[in-house]
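Please open the model in your viewer and keep the sequence panel beside it. We will go from stop to stop, selecting a few residues each time.

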Amino acid sequence: MKEQYTAPDLDLKAFNCPHCHAYANQEWSTMRAEKKMYGASHGYYLNEFRVSYCSSCARNTIWNGQNIIFPLSTTVEPANIDLPDDIQQDYNEAAIVLNFSPRSSAALLRLAIQKLCKHLGESGDNINNDIKNLVAKGLPPQVQKALDTVRVIGNESVHPGEINLNDNREIANTLFKLVNFIATKTISEPRQIEELYSSLPQSKLDAIERRDNA
């Protein structure tokens, strides 16, 4: 069974920890950076950060707004190993830059989806149309819903690989899941079924062929 994966998100009570990668409960607190003026009796806040404490490894993750600033590494669901190598590279690079720039991460993932659509025989010119065509060919309608969620939250006019000012960590995390979901339904599951079918005894395969040709 596939292990549960939940991407880190601000104030979420449980997610996969960027330190130990375990799915664990998180306790939240606030940390303020304070600067005291010379001779003043009271300081003033320079900035406010959120801190999540992992119940699994007892380490802290520090957030500046929606961005993780410590640790520098992040955790996302690993790329589907059946993806073509160049798409896996885009996916992994998107994971590396997620903490620094969710917008850049989302742009790389939109490019990965465009490449994936081309790999599946679509034009790659318009992600929405490509996904619609794939749904018509048998891809689960949930993919269309996932894509529309990203489209509505983001900007309908954005092109694959372009920076979208409306993109954030939530949209990037949705795109990570979308890439893997499409790959699972269009590449991994058909391959697994074909391998199982091919493992049947030749006599059984011949009988199935005779039945289908009758």
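Start by selecting asparagine 164, which sits in the loop between H4 and H5. Is asparagine 164 buried or exposed? Its relative accessibility is 4%, so asparagine 164 counts as buried, the cut-off being under 20%. Asparagine 164 and arginine 103 are 6.3 Å apart in space, C-alpha to C-alpha, although 61 residues separate them in sequence.

Before the next stop, colour the chain by pLDDT, since this is a predicted model. The mean over the chain is 82, and 86% of the residues reach 70 or more. Helix H4, residues 141–153, has the lowest mean pLDDT among the elements, at 71. At the other end of the scale is helix H1, residues 85–97, with the highest mean, 92.

You will pass five strands and six helices, in the order β-β-β-β-β-α-α-α-α-α-α. If you colour by accessibility instead, 37% of the 214 residues count as buried.

**Along helix H5**

Select residues 169–198, which make up helix H5. How far apart are the end C-alpha atoms of H5? They are 42 Å apart. At 1.5 Å a residue, the 30 residues of H5 should span 44 Å, so the two values agree.

Then go to the start of H5 and show the side chain of asparagine 168. One of its side-chain oxygens reaches to within 3.1 Å of the backbone nitrogen of glutamate 170.

Move to residues 60–64 and 67–70, which are strands E4 and E5. The two strands run antiparallel and are joined by three bridges. Find asparagine 64, which stands opposite asparagine 67 in E5. Two residues lie between the strands of this hairpin. Glycine 65 is in the turn, with a positive phi of about 65°.

Keep going to phenylalanine 70 and proline 71, and show the peptide bond that joins them. This bond is cis, with omega near 0°. Proline 71 itself belongs to the loop between E5 and H1.

**The aromatic rings**

Select phenylalanine 15 and tryptophan 28 to see one of them: the ring centres are 6.4 Å apart and the planes meet at 65°, so the pair is edge-to-face. This pair links distant parts of the chain, with phenylalanine 15 in strand E1 (residues 14–16) and tryptophan 28 in strand E2 (residues 23–36), 13 residues apart.

Taken together, Phe15, Trp28 and Trp63 form one aromatic cluster.

Phenylalanine 15 has a relative accessible area of 0%, so it is buried. Tryptophan 63 is buried as well, with a relative accessible area of 0%.

For the last stops, select aspartate 11, in the segment before E1. Its phi is positive, about 70°, although aspartate 11 is not a glycine. With 39% relative accessibility, aspartate 11 counts as partly exposed.

Finish at histidine 21, in the loop between E1 and E2. Histidine 21 also has a positive phi, near 70°, and is a residue other than glycine. Its relative accessible area is 44%, so histidine 21 is partly exposed.

Key. Residues numbered from 1 in each chain as written. Predicted model: local features only at pLDDT ≥ 70, side-chain atom pairs only at ≥ 80, totals over all residues. Heavy atoms only, no water. pLDDT = per-residue confidence, 0-100. Helix = DSSP H or I, 4+ residues; strand = E, 2+ residues; numbered from the N terminus. Expected span 1.5 Å × (residues − 1). Polar contact = N/O pair within 3.5 Å; in protein donor to acceptor, adjacent residues only side chain to side chain. Pairing = 2+ DSSP bridges. Phe/Tyr/Trp six-rings, centres within 6.5 Å; stacked < 30°, edge-to-face > 60°. Buried < 20%, exposed > 50% of the residue type's maximum accessible area, 1.4 Å probe, protein only.
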